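Here are some questions and answers for reading a protein model. Keep the structure in view and check each answer against it.

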Amino acid sequence: MSPRLIVLLLLSALLLPGNQATADTVTLEPAKDNTIFSESNNSDGSGPTFFSGRIRRFNNFRRTLIAFDLSGSIPDGSIVQSVTLSIRVDRDPSGPHNYSLHRLTRDWGEGSSNSGTSGGLGVPAQSGADATWNDAFFNGNNWSSSGGDFIQQASATSSVSGTGFADWSSAGLIADVQAWSNSQSTNFGWILIGEEGNSVSVKRFNSRNGSSANRPKLTVTFALPQPTNRERWQDLYFNEDELGMPEVSGDDVDRSGDGISNLLAYAFDLDPRLFQPDKLPTPVIDSNGFLSIDFIRDTRADDLLYIVEISSDLISWTELARSSGGVIPTGTGTISETAGATTRTVTVSDTVGGSRRFIRLIVEPL
Ligand SMILES: [Ca+2]
Ligand SMILES: [Ca+2]
């Protein structure tokens, strides 16, 4: 055995199924945030702060719209494990109040409107760009319901008091981010709604348009998609360029010229780049005088079907054994297996015998 092959076998052992799924964490700043004002067509798309809650004057409300771009940050097929949205309270004139995040169901805008640092009344919205209380995009692209289109059930609620970062973290936020990760086109972010009952609840928060340290942060931890067994094997022997070239990494290709195609090399847990004619399935006459075949079966190849067939005329074939999805082969033949770490050397023998007998192994994807 060459040193190279030993190294590859060690690699293979390290990648055995049952390893912990790899987790990764990303922290994102908003792609957009904005305030909508219940008493006006004002907005605050580019201001350094946003507002949410009930104000004292006229019993009016502010709500915050906030969205994050997940594309390119969370690979397809990932499982979202935890989500925390942190938003910094910049000014708190109202004391402890609950603030809830609801998933928005319609796209909306962040334009150039900017009411400055203390502008709690907003400024006129930028046409076609800013969201307002009545419009997802001012003017004329209305929300279905004034104040924003969102899921009534909150995804997360936190009691917020005092200045500094406040956190929201819940199963609802995990579900939202998972859904957006699965389908980017449904990601319109959240609306942050403070208590809108009788008491004043308004707070001023730092937006994405202010200083970096104070911007909202969305932290998502997710488990990366696990490679299939075929992908695990392919990654061992082909680089990224080769994986995109069917003439190199395709199932039927035999670049090493030993008669073992890539699919068979996977089935037998071999290096497809090496010339290994000695690894071909071997027909023999067994001690009972029956025709038999030895071959290697990779128990991890849960996407393959192995079938051994016997014939007396090369026309009519009878199945002796089959293994589907990595299970122990069964059938009418005499079947035995010699265990290796992840492979089995399978011996299947005919039980009929005769002067002219042919045996074959078929391997095909499930
Ligand atoms: Ca903004
Ligand atoms: Ca080959």
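Q: Which residue in β19 does Tyr306 stand opposite?
A: The model is a predicted one. Strand β18 covers residues 304–311 and pairs with β19, and β19 covers residues 317–324. The residue in β19 that stands opposite Tyr306 is Ser323.

Q: Over how many bridges do β18 and β19 pair?
A: Both strands belong to an open sheet of three strands, ordered β19-β18-β22. The pairing of β18 with β19 is antiparallel. The number of bridges over which they pair is seven.

Q: Is Arg103 buried or exposed?
A: Arg103 is located in strand β7, which covers residues 97–103. A residue counts as buried if 20 or more other C-beta atoms lie within 10 Å of its own. Arg103 has 23 other C-beta atoms within 10 Å, so it is buried.

Q: Which residues is Arg103 in contact with, leaving aside its neighbours within four places in sequence?
A: Contact here requires C-beta atoms within 7 Å. With the neighbours within four places in sequence left aside, the contacts of Arg103 are Phe150, Ile151, Ser155, Asp176 and Trp190.

Q: How many Å apart in space are Arg103 and Asp149, C-alpha to C-alpha?
A: In sequence, Arg103 and Asp149 are 46 residues apart. In space, their C-alpha to C-alpha distance is 8.7 Å.

Q: What is the radius of gyration of the chain?
A: The C-alpha trace spans about 100 × 40 × 35 Å along its principal axes. For a compact globule of 366 residues, the radius of gyration would be near 21 Å. The chain has 32 Å.

Q: How many Å apart do the C-alpha centres of domain 1 and domain 2 lie?
A: The domain assignment gives domain 1 as 28–223 and domain 2 as 230–365. Their C-alpha centres lie apart by 58 Å.

Q: How many helices and strands does the chain have, and what percentage of its residues count as buried?
A: The chain has six helices and 22 strands. Of its 366 residues, the share that count as buried is 37%.

Methods
Residues numbered from 1 in each chain as written. Chains lettered and ligands numbered in written order. Predicted model: local features only at pLDDT ≥ 70, side-chain atom pairs only at ≥ 80, totals over all residues. Domains from an automatic or database assignment. Pairing = 2+ DSSP bridges. Helix = DSSP H or I, 4+ residues; strand = E, 2+ residues; numbered from the N terminus. Rg over C-alpha atoms; globule rule 2.2 N^0.38 Å. Buried ≥ 20, exposed ≤ 12 C-beta atoms within 10 Å, placed from the backbone. Contact = placed C-beta atoms within 7 Å.
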